[in-house]
Amino acid sequence: MSSRLPIFFIVATVAIDAMGIGLIMPVMPDLLREVDGGNLSEAAIWGGILATTFAVMQFLFGPVIGSLSDQYGRKPILVVSLVIMALVYAMSALTTSIWVLFIGRILGGISSATHATAAAYMADVSKPDEKAANFGLIGAGFGIGFVLGPVVGGLLAEFGTRAPFWAAGALALSNAALGWFVLRESVTDATRRAFSWTRANPFGAFKSITSFPGLGPLLLVYFFYQIGTVVYPSVWAFYGVERFDWSPSMIGVSLAIFGLCFAFVQGVLVQPSIRRFGHRKTVVIGLALEATTLFIFAAITSGTSLLLLIPLTALGAVGMPALQGIMSRRVSDDAQGEFQGVLTSVNSLAAIMAPLVMTRSFAYFTDPETPIYLPGAPFIIAGTLMMVAVLIFQLRKRAPATS
């Protein structure tokens, strides 16, 4: 594994997953009205249905894809998933039916569960003390894709509502070809694990993974963190408009700043932080920074101050790769795919639950008849969850690493 090309492929895969979603975001309202013939409100309802369907599929199939990679290897799962993703984008680009888009979201949610396999590959090829830093590279790839996707999608929208889908499909197919040639299989006969439906369904996978000593409380910490950070995609745009009267372009700029800072922190600062403070303190520092800035976001009244605070907020991102490193070291080598699949399901569960809580709390506290005007209420909820995560992490019993 001396070549860096396999690592580049893994990071590119995660970036393309993020870009693929962001590329099509600018055209979704127009595309949904185009294929369904309804108004913007009806398009928004369909948009919510499609987003929830995507998250549910990731929740259900994250452990399945991860467990399949434990048996058949990371390379075939990653390459095949990327090809399927490319076909789904092509299907969506050609369709005139809302139901085909719905089916596309089902297939897309399943195929984009490659994040688990990508992370499992990183765990396979990393020494125990390198895992957190390499998980940080995956986070950086997601941040880069998060920044580039909406920007490129907005530019491509000038060529029609279908152009971003063709671009996303071409990216996925190109990366599949790259992976076929440069990726060396990381699953060996010694670490191969037979597929089992008992472990592959999300509930069985949770039971199996939490049997590893000390992993249950850490997964709970991870879950609270994921719910807390969903506040950003859930209400950021609404909060920007309500609190600061931001335009769509200003919202885009703020998200780009956040994505760039996030990518820098996870790509550059994770390893130095762990080297300086250790895994455990890095997790605590990250969670505490997240909680602090979320509470500040709830009270801040200046848009400029909020933008200046984003780099400090992004520093909190050092915590999650460190936590993933701790958890990965407690899981045996033959269960890394299953474990990463469980993390994908945790992410998806948060993506299903949190938007409902965050958007409803924002709606209640900004309603003209609300007894208390508090547009930052979702950030208070998120900050409280981060504090709970810190407490669980500090009070947990430590367990020895297995790898």
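Reader: How many salt bridges does a search of the whole structure find?

Author: The general idea is a side-chain nitrogen of Lys or Arg within 4 Å of a carboxyl oxygen of Asp or Glu. Here the whole-structure search turns up 4 salt bridges. Keep in mind that this is a predicted model, where local features need pLDDT of at least 70 and side-chain atom pairs count only at pLDDT 80 or more, while totals for chains, interfaces and linings use all residues. Residues are numbered from 1 along each chain as its sequence is written, and side-chain values use heavy atoms, with hydrogens and water left out.

Reader: Which residue forms a salt bridge with Glu34?

Author: That's Arg162, with the closest N and O atoms 2.8 Å apart. The pair ties together distant parts of the chain: Glu34 is in helix α2 (residues 28-36), Arg162 is in the loop between α7 (131-156) and α8 (163-182), and 128 residues separate them. Helices here are DSSP runs (H or I, at least four residues), numbered from the N terminus.

Reader: Is Arg162 buried or exposed?

Author: Go by relative accessible area: under 20% is buried, over 50% is exposed, and in between is partly exposed (1.4 Å probe, protein chains only). Arg162 has 17%, so Arg162 is buried. Glu34 has 46%, so Glu34 is partly exposed.

Reader: Which residues are linked with Arg74 in a network of salt bridges?

Author: Asp70 and Asp124 join Arg74 in that network. In the Asp124 to Arg74 bridge, the closest N and O atoms are 2.7 Å apart. This one also links distant parts of the chain, with Asp124 in helix α6 (residues 114-125) and Arg74 in helix α4 (residues 74-94), 50 residues apart. Arg74 is buried because its relative accessibility is 1%, whereas Asp124, at 26%, is partly exposed.

Reader: How far apart are the closest N and O atoms of Asp189 and Arg192?

Author: They're 3.7 Å apart in that salt bridge. Asp189 is exposed at 69%, and Arg192 is partly exposed at 35%.

Reader: On to rings. How many aromatic pairs does the search find?

Author: You take rings of Phe, Tyr and Trp (its six-membered ring) and pair them if their centres lie within 6.5 Å; planes under 30 degrees apart are stacked, over 60 edge-to-face, and the rest tilted. The whole structure has 13 aromatic pairs. Take Trp236 and Phe297: their ring centres are 5.8 Å apart and their planes meet at 70°, so this pair is edge-to-face. Trp236 is in helix α12 (residues 231-244) and Phe297 in helix α13, 61 residues apart, so to speak from distant parts of the chain. Both are buried. Tyr239 and Phe244 are another edge-to-face pair, at 5.7 Å between centres and 85° between planes, and both of these are buried too.

Reader: Which residues form one aromatic cluster with Trp236?

Author: Tyr232, Tyr239, Phe244, Trp246, Phe258, Phe297 and Phe379.

Reader: Where does the charged end of Lys75 sit?

Author: Over the ring of Trp180, 5.2 Å from its centre. The test asks for NZ of Lys or CZ of Arg within 6 Å of the ring centre and within 35 degrees of the ring normal.

Reader: Which residues touch the most other members of the largest nonpolar core?

Author: A nonpolar core is a set of buried Ala, Val, Leu, Ile, Met, Phe, Trp, Tyr and Cys residues joined through side-chain atoms within 4.5 Å. The largest one has 64 residues, and Leu215, Trp236, Leu287, Leu323, Met327 and Phe379 touch the most other members. Helix α13 gives the largest share of this core, 14 residues. Another core, of 36 residues, lies apart from it and includes Leu23, Trp46, Leu101 and Ala168.

Reader: Which residues does Glu290 touch?

Author: With contact meaning heavy atoms within 4.5 Å, Glu290 touches Tyr225, Tyr232, Thr313, Gly316, Ala317 and Met386, not counting residues up to four places away in sequence. Glu290 is in helix α13 (residues 248-299), and Glu290 counts as buried because its relative accessibility is 4%.

Reader: Where is confidence lowest, and where is it highest?

Author: The score is pLDDT, the predictor's confidence in each residue, from 0 to 100. Helix α9 (residues 197-200) is lowest at a mean of 70, and α17 is highest at 95. The protein's mean is 83, with 92% of its residues at 70 or more.

Methods
Helices (H or I, at least four residues) and strands (E, at least two) are DSSP runs, numbered from the N terminus.
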